[in-house]
Structure formats: C-alpha cells, structure tokens
Amino acid sequence: MNVDTIVLDIDGVLVDVADSYRRAVVETLDRTYDETIDRDGVQSFKDAGGFNDDWELTHAAALYILASREGYDAPLGRFTDAIAASGGGLDGAHTVVADALAPDARERVHAAWDPDALTDTFQQLYLGSDLYRELEGGDTIIEREGFIHDESVLVAPETLDHLRERYAVGVVTGRPEAEAALALERVGLDLPDEHVVTMDSPVAGKPDPEGLVGLAERLDADRLAFAGDTLDDVQTVHNARTVDDRTYFGIGVLTGGLTGETGREAFERVDADAVVETVDDLPTLLE
C-alpha cells in the first residue's frame, strides 16, 4: 500500500470489547425491560450501519423490544435489515418502527422509551461505580466493578513500536474522550490529543468522513490506511475518497464482531482494500 499514515480504531482492533461494551448493551436492555438481545443481535445492528455509538445501538435495540410488545412480529435480523434499507442508525430504527406500527402503538413505544436512562444504566455497567462517579460525576444505583476491566489488549507492544517508528499514527474511535484515553493507556499507545478523534470531538461520527479527513490533514498524510473492525469503518474510507484528494485504504480487522471466513467475506463485499486476522498483521501487510 506504500502509505505514510496509519489510523486505528480502538474497539475490536486494539482492545476486545466483547465482554465490555457489547455486554453492556445486552445487560442494559435486560435490566431495563427484563428482555434483551444476544451478542449476535448486537452485531446485526453493527452490520446495518450507523451504529458507531453503542449508546445509540442500545436505544435502537430498545425500540425493537418495545415495538415487539406492540405487535411488531419480525425477527431481529429483519428489523436490522430494514434499518439498513432506511439509511442505517437510530434514525433508520425510528423509520422502521414508524412504518410498522399504528399511531397509538407508536405513542406507547415512545412513552416507554427513555434513551437517557438507558445510557445512564449502560455507563454504570460499563464503567463500574468508582469510575462512573469519577468520570460522570453522579451517584450510582448499580454498585459493582465495571465491564471496562474485562477488556483485553489485542495488539502487541512491538507492533505499536513498529508502526510509530515508520508511520504517522492516529486514532478514530466512537468512544468518549475519557474512555478512549483509558484504552490507549492500557495498550501503551501514547498520542497527542490532536491525533485522536473521539465521540467528543466536534465532528460527525463514522461513517461520516469528517473525523478521518481532518485527522489526515493534521497528520500531513498523503497516503493513509485506516484499520477498523466494522463495515462502517470501511465505509468511512469510501466516503473520505469522495471529499478528499488524498489516497485512502480501508483495512478490515477480524478481531471484533466480524470474524473468520464470514467476516472476511463481509469486508470483501464492501470492498475493503485488505483484511487481516489481527492488527499485529499490519506491519507485514503495509510493507
């Protein structure tokens, strides 16, 4: 690829979030509604596109549960397919519910749907009581150690050393800034703040290319590779090509929700430029 810049996602690339963020989605719904989706269902939302933000994914899954109680009888996979056909993301979920239910049923769904409460429960589960009080500044209802402590590192120190010696390195993630900092500290990747794009950055989230293109400018990139674990990450690269003259490559990494041969095929269907088993394969690929 002959690149001068490598940009990395965090979740599913540098750290394993199967037992943290994705578990928080599942358990937030269960605590709120005594009903939930499984982790394959979480991936179905990711594959629908527009769910770089796991809070919004939780909100959309809650809409599915509540709509099902009001007579929406399609399986989850059909719901997420319909979201994809409606443009993806939480807006797409609202469209599907609006199209499927009668007005009175929609009103009952939205009366029972409380995204702020869902997000708060999610954060208490993910961060745990101590970190929640430190970062969110509020009192907790759930007293426990957070799922964040169950995140394992997916990248070897020598890989990060190799990448930083040979390339400009940046990060684009859907994490809030504080949680991104904790993850980067855990993996041992120390970057200037201006080289990290997070949920709190004043740019639109992936797959909007604004964050990636802005980072390319700050890193003075000419040829940039972006490695991520979702189809939205690859779409971000495609979108960047439409608004910027730099050369962009999208690399799918098979350590997130997309794994094995089915994950490889999914990345190939959206025209990823390369697919690697793990971020540790990047040095060989790039050289």
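Author: In this predicted model, a salt bridge joins the side chains of Asp-19 and Arg-39, with 2.8 Å from N to O. Asp-19 sits in the loop between strand E2 (15–16) and helix H1 (21–33), while Arg-39 belongs to helix H2 (residues 39–48), so the pair ties together parts that are 20 residues apart in sequence. Asp-19 counts as partly exposed because its relative accessibility is 37%. Arg-39, at 36%, is partly exposed too.

The structure holds 19 salt bridges. In another of them, Glu-27 pairs with Arg-23, and the closest N and O atoms are 2.8 Å apart. Both residues lie in helix H1, four residues apart, which is about one turn of the helix. Glu-27 is partly exposed at 25% relative accessibility, and Arg-23 is partly exposed at 21%.

Helix H7 (residues 115–136) holds both Asp-130 and Arg-133, three residues apart, again about one turn of the helix. Their side chains form a salt bridge of 3.2 Å, N to O. Asp-130 has a relative accessible area of 59% and is therefore exposed, whereas Arg-133, with 34%, is partly exposed.

Asp-193 counts as exposed because its relative accessibility is 62%, and exposed means over 50%.

Note on methods. Residues are numbered from 1 along each chain as its sequence is written. This is a predicted model: local features need pLDDT of at least 70, side-chain atom pairs count only at pLDDT 80 or more; totals for chains, interfaces and linings use all residues. Side-chain values use heavy atoms; hydrogens and water are left out. Buried means under 20% relative accessible area, exposed over 50%, partly exposed in between (1.4 Å probe, protein chains only). A salt bridge is a side-chain nitrogen of Lys or Arg within 4 Å of a carboxyl oxygen of Asp or Glu. Helices (H or I, at least four residues) and strands (E, at least two) are DSSP runs, numbered from the N terminus.
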